[in-house]
Every structure is written in structure tokens, then in C-alpha cells.
Amino acid sequence: MDKYNEKKDKYTTATTIPIGDIVEAGTASTFCTGNWRSRKPIWNNTKCINCLICWIYCPDSSIKLISKSNKTIVSGINYTYCKGCGICANVCNIKAIVMEEENK
Amino acid sequence: MIRPLSSKGKLVAKTGNEIAAEAMRQIEPDVVAAYPITPATEIVQIFSQFVADGIVKSKYIAVESEHSAMSATIAASAAGVRAMTGTSSQGLCFMWEMLYIASGLRLPIVMVAVNRAISAPINIHCDHSDTMGARDSGWIQIYSESVQEVYDNIIQAVRIAEQTKLPVLVTMDGFIISHCMELVEVYNDDAVKSFIGEYTPERYLLDIKNPYTLGSLDLQNYYFEHKYQIAKAMIDAQTTIVNIANEFTKCFGRSYNLYEKYMMDDADMAIVIIGSAAGTVKMAINELRSQNIKIGLIKIRVYRPFPKDNIAIDLANIKSIAVLDRSDSCSGAFSPIYSDIVSSLYSEGITTPKIISYVYGLGGREITIEHIKNIYKTLNQIMLGKDQKDCSIVHYINLRK
């Protein structure tokens with residue numbers, strides 16, 4: 001059972017769910033949308049010039065960043081949330097991200 | 001008209017609209033968003049003058065439509081402040097989808113609705129079609145017989161809304177109450193302010209330390225539970241309304257309940273009605289009682305939640321009942337109050353009273369004491385078993401068929 005489903009079990013009845021359609025903040029982090037993916041982005045470490053355009057465009061905040069010698073650089077893709085929409089691959093000017101079949 | 005019972009307040013002559021604005025001045029909601037519409041215009045017009053003159057600290061939002069008025073009121077309430085509005089007829093219709101959002105998000109909004117007929121044909125006079133249409137929207141509905149009741153109901157509505165977390169609609173009959181001047185007892189500002197108290201919402205959107213999402217997509221897995229919460233809150237609201245009414249009596253002297261019983265103790269026949277025409281019925285009953293005719297009145301004050309259990313008990317031993325609706329549901333069956341009364345009785349296993357449905361006063365059509373006396377004649381015939389078929393159809397009072 002994933003984290004999202006654990007949360008659902010806790011809030012199941014009309015007496016336990018908050019009234020008035022209130023949803024606690026930050027619940028998107030417990031909703032693992034990665035399993036929606038049919039195609040996955042593959043990031044090429046050697047090609048990447050760290051322009052961060054993919055990070056700006058990613059609707060699911062799934063481009064992972066790290067700090068290295070005072071610079072922010074891409075470190076990979078978070079497949080827990082990445083829905084495989086392909087926007088990152090589309091906006092990458094140097095084809096450092098390409099889309100592949102999920103079950104390849 | 002209700003004569004003042006106590007001398008705790010000051011006696012003034014005011015119309016229903018003026019007293020609604022006066023109540024709003026004393027409540028001093030943080031936000032009022034409204035759009036003018038006959039016959040409710042004066043309420044927000046007078047209130048906006050209070051704002052312009054600096055008499056109240058409220059924020060007044062002049063919007064371009066009733067849809068926006070309710071939207072802004074919802075937003076203000078969700079943000080965490082007291083929010084009120086007022087409207088009538090077409091204005092209430094235009095708020096329709098937002099009414100359900102107010103109750104669905106459980107926002108304690110108080111709205112003063114002046115009852116007016118719905119177009120077409122266009123008509124500005126009183127009937128209850130507008131608020132009766134909103135009867136299933138999850139709003140508490142409190143109807144007022146007189147200017148005094150409008151005032152008292154609005155003050156109580158603030159607390160009812162905030163305790164039940166349901167929006168409350170206080171109504172008055174267009175022109176009959178909204179524009180007629182009556183003697184009213186108004187209480188001093190401090191007494192009203194201390195009765196309603198400070199508003200401290202448990203959760204509100206501008207509480208940045210405890211963020212949450214309000215009004216998100218709610219599909220098969222949760223929507224049903226949320227709707228049940230509203231239904232349950234509506235049932236529980238009955239106790240809250242009675243408790244607040246009792247506290248109101250302690251503070252200001254005048255007593256209220258979910259409905260008023262008039263000459264019901266030994267009655268064989270009863271009339272059930274809502275709104276200002278209850279006064280007319282009381283006059284007719286006074287005359288009939290002087291001829292030893294045992295007839296009484298049940299005036300429903302709180303229509304939503306419908307006080308089904310108590311009403312069934314009070315009507316159980318009545319032989320014939322006339323239910324007077326000031327709106328026609330055009331359903332091919334019966335009108336709203338009649339349907340609620342009959343189902344309340346039947347669900348309690350009470351099937352002996354004969355109940356007849358009347359529709360009256362649409363578009364402001366007059367209803368007089370003579371009309372009520374004619375209803376008594378029919379009730380008497382039904383009680384004596386002489387006129388059974390009358391109960392199977394809706395009857396129209398003062399209509400040229």
C-alpha cells in the first residue's frame with residue numbers, strides 16, 4: 001500500500017473527514033502520480049548544460065536539482081511523481097532529455 | 001404585529017428593510033457584498049450609507065451582479081471573517097450555483113432575502129417562490145412574520161450560522177414587511193454585540209500558519225460523505241437554533257422556537273402557514289374563537305431544517321388541517337410546505353388528520369380574513385366527513401380560474 005492509500009484509510013467516514021471540502025495542505029506529495037506514466041524521460045548527464053529550462057517547465061516539480069560548487073545543477077528525474085508528459089524533452093534544446101517507452 | 005414584551009430596548013418605527021440594515025449595523029459584519037434589487041434594495045443601500053459615513057468599520061463591496069455578490073461573500077467568509085449580503089427574487093436566482101457552494105464549503109454566511117415573485121411574467125410583489133426554490137440548497141431558512149421578527153431573526157442568525165457552520169437565510173415578505181412601518185423594539189448596540197460575540201473561525205484560508213485547500217475536486221470517494229455531513233448538520237441545527245433562541249429570550253425577553261403554536265392546545269382544526277400572512281390567520285382565528293370554534297395555527301419559523309418530529313406530534317390529534325403555501329411547485333402534485341407536513345406526519349405513523357393544500361398570494365395577490373374564514377368552512381366540512389375529495393387536489397385562494 002502506498003502512502004496515498006494509507007492516508008485514504010485514515011479518512012473514510014463522514015465523521016472523520018474534515019467538513020466543507022477541506023483538504024490538508026501538501027497532500028499532493030502523498031499522491032504518487034509516477035504510476036500514470038506510459039513513457040518516461042531519460043536524462044543524459046553528459047549532454048546536459050544545466051540551463052534548467054526543463055525544471056522551469058516541469059508541471060510536477062520532478063526535475064531534481066542539487067548545488068555543486070555554488071552552482072545549481074540537474075541531478076536527475078523524480079520518477080515517483082513524473083507523469084511522463086514529455087514537456088521536459090520537448091523544451092530541451094540540446095536533446096539532453098529524450099522520451100522512451102516505460103516498459104522498454 | 002408583536003407588541004414589545006420588555007422595555008430593555010428602545011421603541012422605534014421602522015420598515016423591514018430599515019430594521020434589517022439596523023441589525024446589520026449592530027452586527028457590523030467585516031464584509032458586505034451586494035447588488036440592489038427591488039424590494040431588497042434599501043437594506044444594502046442604507047447599510048452602504050453607514051459604511052460611507054464611517055458609522056461601521058465593515059468593508060462594502062459594490063459588485064456588478066448577485067452572482068458576484070454571493071461569490072465575494074463566500075470568499076470573505078472562507079478567508080475568515082463575518083460576511084453578509086441581501087437580495088430578492090431574480091437576485092437569489094442569479095446566486096443559485098453559489099448558494100450550494102456556500103453551504104458545501106460550510107461557510108457561516110447570513111443573507112437577508114426579501115420574498116418576491118419570480119419572472120416571467122415580471123412581478124415585484126410578494127410570494128415565496130424564490131426562497132422555496134432554494135429550500136434544498138443546504139441553507140438554514142428562517143421566515144419572519146413581522147418587522148420585529150426580522151430584527152430578532154437576523155441577530156440570532158449570526159450565531160446559528162457560526163455554530164452550525166451552515167449559511168442562514170432570513171426572509172421577510174416583500175413590501176408587506178420590507179416596506180411597511182411597524183413599531184419595533186431595538187436593543188442597544190452593546191447588548192447585540194455581546195450576544196453575537198466575537199467571530200473566531202476554527203479554520204480559515206488566511207491562517208497562513210495552518211494552510212489547507214478549500215473546494216478541491218471531490219469525486220466518487222468523498223462527495224457523498226461531504227453531502228451527508230450537510231444533511232446531518234441540518235438535523236443537528238434544530239437543537240442549536242432552539243438553544244440560541246432560549247439564550248435570546250434570556251437577553252432580550254422575546255421568545256422564539258422552530259415554529260409558533262397559536263391556539264393549538266384544544267384545537268380540532270389547524271392552519272399551517274409561513275411568513276406575514278400568519279398575522280392575518282391569527283386575526284381570523286381570534287374571530288372564529290369568539291364563536292367557540294376550535295381552530296388553531298402553526299406558523300413555521302424555521303423551514304429548513306424542517307421541524308418534522310415536533311410538528312407531527314402537535315398535529316397528531318388535529319382532525320382537519322389546511323396547509324397554506326405562498327408558492328406553487330408546479331409539480332403536478334403538491335406545494336412545498338404541504339409535502340413536508342404530510343411526509344412528517346406519515347413517517348411518524350400519523351395518518352388520521354385530513355390535510356388540504358392551498359396556494360395563495362402569488363405575485364402579491366391579496367389574502368384577507370374572509371379567505372381564511374372560508375378555509376375554516378372547508379376544514380369543518382372535512383372534519384365532519386362531508387367533503388372528502390377536497391384533499392386530493394391543490395386549491396387556489398382568490399384566483400379567477
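**Notes on chains B and A**

1. Start just past α3(B): B:G80 there has a positive phi of about 120°. Keep in mind throughout that this is a predicted model.

2. What is buried in α3(B)? The list is B:E66, B:A69, B:M70, B:A72, B:T73, B:I74, B:A76, B:S77 and B:A78. Among the elements covering these residues are β2, β3 and β4 of chain B, along with α4 (89–94), α5 (96–104) and β9 (212–214).

3. Next, strand β4 (residues 83–88) of chain B. Six of its six residues are buried, so the strand is largely enclosed by the rest of the structure. In a regular strand the side chains alternate between the two faces of the sheet. Here both faces are covered: B:A83, B:T85 and B:T87 are buried on one side, and B:M84, B:G86 and B:S88 on the other.

4. Which strands pair with β4(B)? One is β2(B), parallel to β4(B) over two bridges, with B:V31 partnered by B:A83. Another is β5 (residues 110–115) of chain B, also parallel, joined to β4(B) by five bridges.

5. B:A33 has B:I61 as its bridge partner. To get from β2(B) to β3(B) the chain passes through helix α2 (residues 41–52) of chain B, and this β-α-β crossover is right-handed.

6. Helix α9 (residues 223–252) of chain B deserves a look of its own. Its 30 residues reach 41 Å from first C-alpha to last, close to the 44 Å expected at 1.5 Å a residue. There is a bend of about 35° at B:D236. Just after the helix, B:G253 takes a positive phi of about 95°.

7. The buried residues of α9(B) are B:Q229, B:A233, B:A237, B:I241, B:I244, B:A245 and B:F252. They pack against β6 (140–143), α7 (147–164) and β13 (302–304) of chain B.

8. Now chain A. It has three helices and five strands, in the order α-β-β-α-β-β-α-β from the N terminus. Of its 104 residues, 15% are buried. Among its contacts with a separation of 6 or more, 69% are between residues 24 or more positions apart.

9. How many residues does each chain put into the contact? Chain B gives 18 and chain A ten. On the chain B side, β9 and α9 each supply at least two residues, and α9(B) gives the most, with five. That side divides into six nonpolar, six polar and six charged residues.

10. Last, the strand pairing between the chains. β1 (residues 22–24) of chain A and β9(B) run antiparallel and are joined by three bridges. A:V23 has B:T213 as its bridge partner in β9(B).

Methods. Residues numbered from 1 in each chain as written. Chains lettered and ligands numbered in written order. Predicted model: local features only at pLDDT ≥ 70, side-chain atom pairs only at ≥ 80, totals over all residues. Helix = DSSP H or I, 4+ residues; strand = E, 2+ residues; numbered from the N terminus. Buried ≥ 20, exposed ≤ 12 C-beta atoms within 10 Å, placed from the backbone. Contact = placed C-beta atoms within 7 Å. Pairing = 2+ DSSP bridges. Right-handed = clockwise from strand over helix to strand, strands pointing away. Expected span 1.5 Å × (residues − 1). Bend = angle between axes of the 7 residues up to and from the residue. Nonpolar A, V, L, I, M, F, W, Y, C, P; charged D, E, K, R; others polar.
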